[in-house]
Amino acid sequence: MRYSQMLIPTLREAPSDAEVVSHKLMIRAGLIRQLARGIYDYLPLGLKVLRKIEQITREELNRAGCQEVLLPVIIPAELWQETGRWGFYGKELLRLKDRNERDFCFGPTQEEIITDLVRREIRSYKELPKNFYQIHTKFRDEIRPRFGLMRAREFIMKDGYSFHATEKSLNEHYELMRKTYVRIFERCGLRTKVVEADTGAIGGSSSHEVVVLAETGESEVAFCDACDYSANLEMASSKTAKGEKKRSGSSKCREIKTPGLKTVEEVAAFLKVKRAQMIKTLVYLRDGGIVVGLIAGEHEINEVKLKNACNARFLTMADAATVKELTGAEVGFAGPVGLKKKTSLGPVQVFADFSIQSIDDGVTGANKTDYHLTGVVPDVDFTPDQYLDLRLVKEGDSCGRCEKGRLQIKRGIEVGHIFKLGTKYSKSMNAMFLDESGTKQPFIMGTYGIGIGRTAAAAIEQNNDDKGIIWPLPIAPFQVEIISLNQDDEVIKTAEKIYDELLAQGIEVLYDDRDERAGVKLTDAELIGIPHFVMVGSRGVKDKVVELKARKNGDIKKLAFKDVSNVVKKLCQI
């Protein structure tokens, strides 16, 4: 393709609202343009990248025995009402009505619609397992769309769904999908980790994320330096002391006035105690009641673990009025001693992290404004409903899996997610098949997603420098760019000849034939990030050589005209 024929509107400066590298460079390199908040036009270069990621994804899924379908993006409300997600999903779900006032939604994910298709078409265990996938547009009305394609409202996603007769079949297919995802991102030229993850709003028994490691990533992952354990920070666990400590004796509680002192740091300094002695008491609202989380003052609570522990559909920090109703005190003075068991909002559950089990002289809020208690002993002065791991892990914690290694924490970008759904959707939608004995059973399901646009953005986050993008060869919009450094007739003639030869070899070539200064062309080439440049100039034409430059490391070597085609072809083999 000739540059002069393409729409490649490069910019020298990034827009002020672009916060991360990929967003800045995708705008500057002319890959995307914003139409509305979180909604983008894909320009020719950007679309070529997305199509390459799609093709790699499609090839590997087909290789794994998956079948491609194309499902409607507009879904009748009745399907979502069957699973209860119509009311649960919240404002992220874009709801609309047709001319007859019937409710529909623009699918953010399509478990319901594929389950409906399968329940109408598959009857017997003999037809299982099956895996159907599509590459299609989705919409989630994010409260704060940002970071370009990393958190857009409208986006291109590969979503897949598998159906099984047995748990064994699901487990085998889940492992196949995990390996398939690893191959997809390896073929895209990305460095990734597969980590344990929370199931979130999708649901199911377990899930794993594929994360592209990048310093600018929006999420954090923990992994052991001695074994293969890895998990995102929401799910990561470290070694904890789980043995209950037997206690005897009476309470040593004493009330101390702590006027205006609310934080762990303030109270610990005032009472001259270690943060490890402090028992933080955090109050949350959940569907149908209140949840209290207890953790030692030196640690942070993991709200995802707490939400899963109480099996809540939602969990949010309680407001000041709720805290006062529960404790009788202002925020900052809550404690587990003497807490109410029930409020007007429902029952109160108390979950404690293992870190407080060994505390025998604790400090916590007195449930009285401006007062704390000292000498607090868990299981003597209060008894939580359950002890469990509620900690947010830290760099250097002991691995909870092998207990030999230490946890490292790195930033990353989620690009793929796989779930074991079980029968969550099939039971609620009465999607059944006949097993070997002729008995109706609900389909056992898995679901598997890849963010196509996020993968392109993640590739840029992982591969860039101060000049622009450095595309991995497999997903680059073009494999090589020819640059005529001036408009001399012989230069143009030579560049045209090389262009035709490379096209004949099946190489994807962008030929910068614009009547622009060499500096402008080279600056744009570095910004766009095509892996290899062939630079044709007047001096080289006289010597019958061109310069071949690698975008990644900047290496330049001279090639005779006759060698260009063969050398470039070898470099572009994937």
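Predicted model: local features only at pLDDT ≥ 70, side-chain atom pairs only at ≥ 80, totals over all residues.
A residue is described as buried when its relative accessible area is under 20%. Across the protein chain, which has 574 residues, 52% count as buried.

The secondary structure of the chain consists of 15 helices and 32 strands. Taken along the principal axes, the C-alpha atoms fill a box of roughly 95 × 65 × 50 Å. The chain exposes about 26,200 Å², and carbon and sulfur atoms supply 49% of this area. Of the contacts between residues at least 6 apart in sequence, 69% join residues at least 24 apart.

The aromatic side chains were examined next. The count of aromatic pairs comes to six. One of these is formed by Trp-80 and Tyr-89, whose arrangement is edge-to-face, with 5.3 Å centre to centre and 75 degrees between the planes. Trp-80 is buried, having a relative accessible area of 0%, and Tyr-89 is buried as well, with a value of 14%. In the pair made by Phe-433 and Phe-443, the ring centres are 5.3 Å apart and the planes stand at 35 degrees, so this pair is classed as tilted. The two residues are ten residues apart: Phe-433 belongs to strand β23 (residues 432-434), whereas Phe-443 is placed in the loop between β24 (440-442) and β25 (444-451). Phe-163 is joined with Phe-433 and Phe-443 in a cluster linked by ring pairs.

Aromatic rings also take part in arrangements with charged side chains. The charged end of Lys-193 sits over the ring of Phe-223, at 4.6 Å from the ring centre. In a further case, the charged end of Lys-368 sits over the ring of Tyr-371, at 4.3 Å from its centre.

In helix α9 (residues 320-327), the buried residues are Thr-322, Val-323, Leu-326 and Thr-327. Viewed down the axis of α9, these residues fall within an arc of 110 degrees, so they line one face of the helix. An α-helix has 3.6 residues a turn, so residues three or four places apart point the same way. Just after α9, Gly-328 adopts a positive phi of about 80 degrees.

In helix α15 (residues 561-571), Val-564, Ser-565 and Val-568 are the buried residues. They cover an arc of only 90 degrees around the axis, which puts them on the same side of α15. On the other side of α15, Lys-562 and Lys-570 are exposed. The elements covering the buried residues of α15 include the strands β28 (480-484), β30 (532-536), β31 (545-550) and β32 (556-560), together with helix α12 (489-504).

Individual residues show contrasting surroundings. Thr-455 lies in helix α11 (residues 452-462) and is buried, with a relative accessibility of 0%. When neighbours within four places in sequence are left aside, Thr-455 is in contact with Ile-53, Phe-185, Leu-190, Val-415 and Ile-450. Gln-277, by comparison, is found in the loop between α7 (264-271) and β14, and at 23% relative accessibility this residue counts as partly exposed. Residues up to four places away not being counted, Gln-277 touches Ile-359, Asp-361, Gly-362 and Val-363. Gln-277 and Met-317 are 40 residues apart in sequence, and their C-alpha atoms are 23 Å apart in space.

Finally, the cysteines were considered. A disulfide is a covalent bond between the sulfur atoms of two cysteines. The count of disulfides in the model comes to zero. Cys-66 is in no disulfide, and the nearest cysteine sulfur, that of Cys-188, is 16 Å away. For Cys-572, the closest cysteine sulfur also belongs to Cys-188, at 17 Å, which is too far for a bond, because a disulfide requires sulfur atoms within 2.5 Å. Cys-66 counts as buried at 6% relative accessibility, and Cys-572 is likewise buried, with a relative accessible area of 6%.

How values were computed: Residues numbered from 1 in each chain as written. Heavy atoms only, no water. Phe/Tyr/Trp six-rings, centres within 6.5 Å; stacked < 30°, edge-to-face > 60°. Buried < 20%, exposed > 50% of the residue type's maximum accessible area, 1.4 Å probe, protein only. Helix = DSSP H or I, 4+ residues; strand = E, 2+ residues; numbered from the N terminus. Lys NZ or Arg CZ within 6 Å of the ring centre and 35° of its normal. Arc of directions from axis to C-beta. Contact = heavy atoms within 4.5 Å. Areas by Shrake-Rupley, 256 points an atom, 1.4 Å probe, with all protein chains shown as cover.
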